[in-house]
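This report describes one protein chain from its atoms. The sequence and the structure come first, and the text follows them.

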Amino acid sequence: MDWFEFIKTALTGSLHSIWQMARIILPLMIILELAKDMHILDKIAGWMAPAMKFFKLPKEGAFPLLIGLTFGLAYGAGVIIDSIKEGHLTWRDLFLINIFLVLCHSVFEDTALFMSVGANGVVILISRIILAVVVTFALSRWSGLAKLEKLLGNKLMIPYCSHCGKGDHIG
């Protein structure tokens, strides 16, 4: 085995893949950050508020859901945690938002990445959205969710943040 050729091929292939992903992710992140700073995402979240009733969620759940849909789970989690600290969302709300986002998150970035490797972006995007809507709707109407909330709902603890002074002192 020619180790030099193996390393050269692995390195150039990896760099090419990173370059392909960066060409997609970096412009999207810049556009989304600009939309966030210009409060465009806040306006869109306001438009989503009536749709939140479909899942029996409060309008305050629209912004974390929108951020998770556009930015992905990591950034969406930060917004969700902030919403918890503000006291806007209940355990049930968080459960349903997380179920939706587990099935469908980062729709622009993920779809573009799958398309760059040859997948049909329309099929992937539509199937992810339909699956998330169906499962989240079914769980929002499931009577067992109330029992689950009674069992686990009071165990929601948010770690204390020394920066904002919100959260629970754990330990």
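## Basis and overall fold

A residue is called buried here when its relative accessible area is under 20%, exposed when over 50%, and partly exposed in between. The model is predicted. By that cut-off, buried residues make up 31% of the 171 residues in the chain.

The chain contains eight helices and zero strands. Its pattern along the sequence is α-α-α-α-α-α-α-α.

How many salt bridges does a search of the whole structure find? The search finds one salt bridge. Arg-128 and Asp-110 form a salt bridge, and their closest N and O atoms are 3.6 Å apart. Arg-128 belongs to helix α7 and Asp-110 to helix α6, so the pair ties together parts that are 18 residues apart in sequence.

Are the two partners buried or exposed? Arg-128 has a relative accessibility of 13% and counts as buried because this value is under 20%. Asp-110, with a relative accessible area of 17%, is buried as well.

## Largest pocket

The volume of the largest pocket is about 160 Å³. Its lining consists of Met-48, Ala-51, Met-52, Phe-55, Leu-65, Leu-69, Phe-100, Val-107, Leu-125, Ile-129 and Val-133. By class, the lining residues divide into eleven nonpolar, no polar and no charged.

Which helices each supply at least two residues of this lining? They are α2 (40-52), α3 (62-71) and α7 (121-141).

## Positive phi at two loop residues

Most residues other than glycine have a negative phi. Lys-56 is not a glycine, yet its phi is positive, at about 60 degrees. Lys-56 sits in the loop between α2 and α3. With a relative accessibility of 47%, Lys-56 counts as partly exposed.

Ser-106 is not a glycine either, and has a positive phi of about 50 degrees. Its place is the loop between α5 (91-103) and α6 (107-116). Is Ser-106 buried or exposed? Ser-106 counts as buried, because its relative accessibility is 3% and the cut-off for burial is under 20%.

## Nonpolar patch at the surface

Met-1, Trp-3, Phe-6 and Ile-7 form a nonpolar patch on the surface. Together these residues have about 520 Å² of accessible area.

Where does Met-1 lie? Met-1 is placed in the segment before α1 (3-37). The relative accessible area of Met-1 is 74%, so this residue is exposed, the cut-off being over 50%.

Ala-146 lies in helix α8, which spans residues 144-152. Ala-146 and Arg-92 are 54 residues apart in sequence, while their C-alpha atoms are 7.9 Å apart in space. Ala-146 has a relative accessible area of 43% and is therefore partly exposed.

Key. Residues are numbered from 1 along each chain as its sequence is written. This is a predicted model: local features need pLDDT of at least 70, side-chain atom pairs count only at pLDDT 80 or more; totals for chains, interfaces and linings use all residues. Side-chain values use heavy atoms; hydrogens and water are left out. Patches are made of residues with over 30% relative accessible area and no salt bridge: like charges are joined within 9 Å, nonpolar side chains (Val, Leu, Ile, Met, Phe, Trp, Tyr) within 5 Å. Accessible areas come from the Shrake-Rupley method with a 1.4 Å probe; for residues, only the protein chains shown count as cover. A salt bridge is a side-chain nitrogen of Lys or Arg within 4 Å of a carboxyl oxygen of Asp or Glu. Helices (H or I, at least four residues) and strands (E, at least two) are DSSP runs, numbered from the N terminus. Buried means under 20% relative accessible area, exposed over 50%, partly exposed in between (1.4 Å probe, protein chains only). On a 1 Å grid over the protein atoms alone, a cavity is a set of points where a 1.4 Å probe fits but cannot get out, and a pocket is an open set with protein on both sides within 12 Å along at least five of seven lines; lining residues have an atom within 4 Å of a point. Grid points are joined across faces, edges and corners, and a volume is the space filled by probe spheres set on the points. Ala, Val, Leu, Ile, Met, Phe, Trp, Tyr, Cys and Pro count as nonpolar, Asp, Glu, Lys and Arg as charged, and the others, Gly among them, as polar.
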